[in-house]
Amino acid sequence: MTIDRRSFLIGASLLPLVTACGASGSSSSSTAAPLKIGASLPLTGPAADVADPGYKGYQVWQSQINARGGLLGRKVEFVILDDGFDQNTVVSNYNRLISQDRVDLLIGTFSSFLNLPASTVADRNRMLYIEPSGGAADIFSRGHTRLFFSQPGTTDTAHRPFAGYVEGLKERPATAAYLHQDDPSTDVPVQNLRKTFEGLGIKTVYGQKYPPDTKNFDAIANAIRQADPALVVHGALELDGAAVVQAMQRVGFTPPILYQTRAPSSVNTYPKAIGATNTEAIFTAGSWHPAAKYPGNAEFVADYRKQFSQEPSEDAANSYTAVQVLQAGVQAVGKLDQDAIAAWLHANQVDTIVGPLKWDKRGVPDGSLLLMQWQGGKLEVVAPASAATVPSAIAAKPNWAT
Amino acid sequence: MQAVLFGLLVGGVYALASSGLTLIFGVMRIVNLTHGALLIAGAFLTYTICAATGVDPFATIPVVGAVLFGLGWLIHRLVVQRAEHGGEGTVILSTLALAMILEGVIILIWGHEPHSVATSYARSSFRIGDLVFPAAQVYGSACALVLLAALHTLLNRTWLGRAVRAATANPQGAELVGIRVERINVAAFALGAALTGAAGSILAVLSPFTPDSGDQWIGLGLAIVVLGGMGSLGGALVGALALGVIETLTATYGSPAWATAMPFAVIVLTLLLRPQGIFGVRVREDVVSA
């Protein structure tokens with residue numbers, strides 16, 4: 001048989017192609033026209049499962065604000081473009097939102113990967129940019145004055161709740177394994193935890209990272225099993241969180257303490273993937289809880305359930321929080337003056353469904369994430385005590401049920 | 001030894017997942033970039049059938065294979081056959097565009113959220129001595145090998161198989177002896193899609209998946225096809241097992257960070273050192289195409 005390299009070269013060269021499609025609005029704004037808020041979201045591609053509930057969070061807020069007469073007396077309309085999780089596309093999308101769709105306000109996208117270039121476009125155009133996710137330190141070190149992060153803690157501080165918990169244990173684990181996806185939002189918290197725990201005398205017996213396109217975790221899980229750590233710290237994003245747990249189940253290793261970033265917060269999919277009873281005692285850090293008593297939270301949860309017939313996720317809550325912050329700034333200033341809104345946000349505290357938020361000059365919030373743990377089939381808050389939804393944490397993880 | 005075992009088990013599934021790509025390339029000389037989307041379509045169909053009926057996911061393979069066979073037939077008739085007039089590049093671009101459309105359709109039907117197919121054995125394992133055998137991987141690999149054996153029998157023991165092999169080796173010669181090569185192409189494409197769908201059913205048991213999960217499988221599939229000898233099913237099996245073992249050994253004794261780069265390293269090394277792959281044969285093109 002002949003070898004046709006040309007076909008393969010053409011095929012291989014096309015692999016990385018990512019496309020985007022989008023919707024548009026065309027009319028320029030006027031006082032009578034709807035107030036347009038623009039965003040580019042990764043509605044297709046590897047972060048689509050995060051962006052989808054995020055978009056729904058925006059939609060819940062839109063329904064609520066329009067039912068109350070809109071913002072500054074104008075109905076709110078979202079102009080949402082899809083960037084397919086591509087940095088070049090997110091840049092062109094935000095440029096288009098500003099110059100072609102002529103939106104009145106921008107709102108951020110998902111992940112540090114996309115928010116980094118997208119916030120630069122906003123800053124160059126002197127537009128306010130409130131981001132629902134993307135807490136990597138690089139984003140806040142560029143001197144942007146109209147940038148605000150709408151979660152209570154960033155990537156730099158995400159390790160603190162769990163580090164504090166382990167530090168407070170009477171009997172700390174003797175050994176730990178560290179595994180994380182190669183991503184800024186997982187790398188930093190895991191490295192910070194490792195540094196903290198090694199400082200506490202907890203010996204590292206395994207430490208690896210893996211690329212986002214890793215499909216098979218059995219060998220990794222088996223290597224962790226052989227290292228036999230008392231604590232496993234896993235920097236996961238979404239699918240990989242459940243996949244690593246499944247692999248540990250297959251190789252028959254139950255870590256006495258398991259902490260994962262992000263993935264356990266996906267309340268609709270995580271329990272189905274690993275088995276509802278197997279979620280018991282898994283720790284994570286999060287920004288929001290559905291039972292939190294913060295103003296507006298119960299209304300958000302009820303409206304989300306009513307509108308989409310499913311439980312809201314943390315991603316939905318984060319995007320809802322971002323538009324809450326935007327709304328607070330706009331209403332306080334009373335006009336669409338981007339600089340004035342930014343100045344007001346820097347000077348004031350905003351009550352949101354993730355608690356009161358206040359920012360430093362970089363747009364970094366001064367709060368901290370919550371330490372959460374699956375208990376009895378629900379994701380509960382175990383620390384800080386002021387926000388706890390259960391009396392205490394479960395210290396040891398029960399063995400996996402098959 | 002444990003790492004090699006894991007590699008062989010995952011390699012068995014890789015073999016089935018890449019067999020459709022191999023078959024289609026072998027017969028038609030095109031890289032089918034809908035491969036990943038078809039794989040994930042098979043996984044989502046399995047999810048839906050299991051959720052609706054409660055049957056074992058492996059039992060859905062005949063139905064999923066049949067649906068994907070029909071879909072493959074349609075894709076060839078409506079897209080590939082028409083694009084062929086524009087040459088290989090046009091066909092590849094057409095399958096790329098179709099892959100995006102298929103992914104969009106999957107999103108419309110099933111949404112963006114990760115899906116999993118839960119079974120009683122998906123999280124269990126059994127031991128022989130010190131070796132751990134994950135049950136789902138063992139059943140998945142066994143199922144993949146049975147399907148590949150069936151395909152081997154089809155290609156070597158039936159008239160259709162002989163026609164496919166004839167069309168693969170020499171399309172003009174096959175036409176001369178009365179084989180309708182165009183029909184063989186349709187059959188091979190549909191059969192390739194069916195095999196890919198069946199692999200999707202197995203993958204659905206092994207890990208969670210989203211509509212874009214198929215993208216990860218195109219590079220791996222190409223590596224297996226190149227390593228095995230482009231178009232050789234036996235080569236694809238050996239190549240898949242080898243890649244599974246290479247990946248697993250890299251993740252165990254090197255770093256997981258390098259494991260997913262192995263398929264691409266294999267493509268480069270194979271094209272440099274043995275362009276015809278393990279089982280491929282260099283053929284004088286002047287003779288074949290005369």
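Predicted model: local features only at pLDDT ≥ 70, side-chain atom pairs only at ≥ 80, totals over all residues.

User: What makes the peptide bond from A:Ala383 to A:Pro384 stand out?

Analyst: Its omega is near 5°, and the bond is cis. Most peptide bonds are trans.

User: Is A:Arg262 buried or exposed, and how do you know?

Analyst: The cut-off for buried is 20 or more C-beta neighbours within 10 Å. A:Arg262 has 27, so it counts as buried.

User: How do you know whether A:Leu35 is buried or exposed?

Analyst: A:Leu35, in strand β1 (residues 35-41) of chain A, has 20 C-beta neighbours inside 10 Å, so it counts as buried. Leaving out anything within four places in sequence, its contacts include A:Gly70, A:Leu72, A:Val76 and A:Asp104. A:Thr352, 317 residues away in sequence, is 22 Å from A:Leu35, C-alpha to C-alpha.

User: What makes helix α7 of chain A "mostly covered"?

Analyst: The count does: 8 of the 10 residues in α7 (218-227) are buried. Among them are A:Asp218, A:Ile220, A:Asn222 and A:Arg225.

User: Now helix packing. Why are α5(B) and α6(B) described as roughly perpendicular?

Analyst: Helix α5 (residues 135-157) and helix α6 (residues 159-169) of chain B pack at about 80°, with axes 5 Å apart. They are therefore roughly perpendicular to each other. On the α5(B) side the contact uses B:Leu154, B:Leu155, B:Asn156 and B:Arg157, and on the α6(B) side B:Leu160, B:Gly161, B:Val164 and B:Arg165. That contact splits into 4 nonpolar, 2 polar and 2 charged residues.

User: How do you know how α11(A) and α12(A) lie to each other?

Analyst: Helix α11 (residues 314-333) and helix α12 (residues 338-347) of chain A cross at about 110°, and their axes are 9 Å apart. So these two are roughly perpendicular as well. Residues in the contact include A:Val325, A:Gly329 and A:Val333 of α11(A), with A:Ile341 and A:Trp344 among those of α12(A). Here the tally is 8 nonpolar, 1 polar and no charged.

User: What makes a set of residues a nonpolar core, and how many residues does the largest one have?

Analyst: The members must be buried nonpolar residues joined through C-beta atoms within 7 Å. The largest such core has 149 residues, and A:Ile220, B:Val13, B:Leu16, B:Ala188, B:Ala199 and B:Leu203 have the most contacts inside it. Helix α8 (residues 181-206) of chain B gives the largest share, 17 residues. Beyond four places in sequence, B:Leu203 touches B:Val13, B:Ala17, B:Leu39, B:Ala43 and B:Phe209. There is also a second, separate core of 64 residues, with A:Val50, A:Ala51, A:Ile130 and A:Tyr304 in it.

User: Which residues of chain B does UniProt list under "transmembrane region"?

Analyst: The unreviewed entry lists several spans of chain B, including 37-55 and 186-206. In the model, residues 37-55 of chain B are 89% helix and 0% strand, with end C-alpha atoms 24 Å apart. Residues 186-206 of chain B are 100% helix and 0% strand, and their end C-alpha atoms lie 31 Å apart.

User: What does UniProt annotate over residues 34-378 of chain A?

Analyst: An unreviewed entry gives "domain: Leucine-binding protein" for that stretch. Over residues 34-378, chain A is 40% helix and 18% strand, with 40 Å between the end C-alpha atoms.

Conventions
Residues numbered from 1 in each chain as written. Chains lettered and ligands numbered in written order. Axes fitted to C-alpha atoms, helices over the stretch in contact; angles between N-to-C directions. Helix = DSSP H or I, 4+ residues; strand = E, 2+ residues; numbered from the N terminus. Parallel < 35°, antiparallel > 145°, perpendicular 65-115°, else oblique. Contact = placed C-beta atoms within 7 Å. Nonpolar A, V, L, I, M, F, W, Y, C, P; charged D, E, K, R; others polar. Buried ≥ 20, exposed ≤ 12 C-beta atoms within 10 Å, placed from the backbone. UniProt positions renumbered as here; feature names shortened; annotations may be inferred.
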